[in-house]
Amino acid sequence: MRVHGGPASPGWLLVALCAATGAYCLLRMRSPVEEQRRAAGGEALMGFGMAAMAVPAAVFTPPSWAWPVYAGVFGAAALRALWGARRTPHHLHHLLGTAAMVYMALAMAASPAHHHEHGDSGVPLVTGVLLLYFVGYVLLSGIRLVPVTGAVGGAIGDAVGDAVDGRGSVGWGDRPELARACRLSMGIGMVAMLLTL
């Protein structure tokens, strides 16, 4: 991420992780399930936004006007997530993710360029609260990815497949475990970005 001047390799790994996650979320937008398409669109925006924000500063330093644009785009996404949270509690996670992106963009816009190299941007209390949330989210998401075995696992898989297309088969864009892995990847990326803020 641009908030530090350390080695570029971890930054490129974060770019690759977030871009791959965003690309998979674009595939999920082809789902026949409307709610899944909506969630995938927001997650694709997050993935690509995080990838762009994580490009090492040695390669590209955005102009000063880019950070307020980031804040505006993710502010609009946060409002959309807030509206969606009326129907589905999952949108609260989207709201926190987009709010974290707004926070990081504003911190980058407000800090002088030399602070970006030392990792002292942002408000420590806000950064700490966001870190606690995303670390907890990553841990819970990891636990949820542990396979369910036996009759319960088979019944859950059959129910998901029947709900998706009526034939019992689930397309790549509708596999719940891949969607959870996608969200886990973005959570890990968010933790890494907040740690370097």
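Colleague: How many aromatic pairs does a search of the whole structure find?

Modeller: The search finds four aromatic pairs. Rings of Phe, Tyr and Trp (its six-membered ring) pair if their centres lie within 6.5 Å; planes under 30 degrees apart count as stacked, over 60 as edge-to-face and the rest as tilted. This is a predicted model, in which local features need pLDDT of at least 70 and side-chain atom pairs count only at pLDDT 80 or more, while totals for chains, interfaces and linings use all residues. Residues are numbered from 1 along each chain as its sequence is written, and side-chain values use heavy atoms, with hydrogens and water left out.

Colleague: What makes the pair of Tyr133 and Phe134 edge-to-face?

Modeller: The ring centres are 5.0 Å apart and the planes stand at 80°. The limits are 6.5 Å for the centres and over 60 degrees for the planes, so the pair is called edge-to-face.

Colleague: And why is the pair of Tyr133 and Tyr137 called stacked?

Modeller: Their centres are 6.2 Å apart, with 25° between the planes. That angle is under 30 degrees, so the label is stacked. Both residues lie in helix 5 (residues 124-144), four residues apart, about one turn of the helix. Helices (H or I, at least four residues) and strands (E, at least two) are DSSP runs, numbered from the N terminus.

Colleague: Which residues do ring pairs link into a cluster?

Modeller: Trp67, Tyr70 and Phe74 are linked in this way.

Colleague: How do you know that the charged end of Arg86 sits over the ring of Trp83?

Modeller: The charged end is 3.6 Å from the ring centre. A charge sits over a ring if NZ of Lys or CZ of Arg is within 6 Å of the ring centre and within 35 degrees of the ring normal.

Colleague: Why is Arg183 called buried?

Modeller: Its relative accessible area is 17%, and the limit is under 20%, so Arg183 counts as buried. Arg183 is in helix 7 (residues 176-195). Not counting residues up to four places away in sequence, Arg183 touches Arg28, Ala39, Glu43, His90 and Tyr137. Contact means heavy atoms within 4.5 Å.

Colleague: What makes Ala110 exposed?

Modeller: Ala110 has a relative accessible area of 66%, which is over 50%, so the label is exposed. The place of Ala110 is in helix 4.

Colleague: What makes a set of residues a nonpolar core?

Modeller: A nonpolar core is a set of buried Ala, Val, Leu, Ile, Met, Phe, Trp, Tyr and Cys residues joined through side-chain atoms within 4.5 Å. The largest one here has 36 residues, and Met53, Met101, Met104 and Met190 have the most contacts inside it. Helix 1 (8-28), helix 2 (34-53), helix 3 (66-84), helix 4 (90-110), helix 5 and helix 7 each supply at least two residues of this core. Helix 4 gives the most, with eight residues.

Colleague: How do you know that Met190 is buried?

Modeller: Its relative accessibility is 1%, so Met190 counts as buried. Met190 is found in helix 7. Leaving aside neighbours within four places in sequence, Met190 is in contact with Met46, Met50, Gly97, Ala100, Met101, Met104 and Phe134. Met101, with the same exclusion, is in contact with Met46, Gly49, Met50, Met53, Phe74 and Met190.

Colleague: How many helices and strands does the chain have?

Modeller: The chain has seven helices and zero strands. Of its 197 residues, 41% count as buried.

Notes. Buried means under 20% relative accessible area, exposed over 50%, partly exposed in between (1.4 Å probe, protein chains only).
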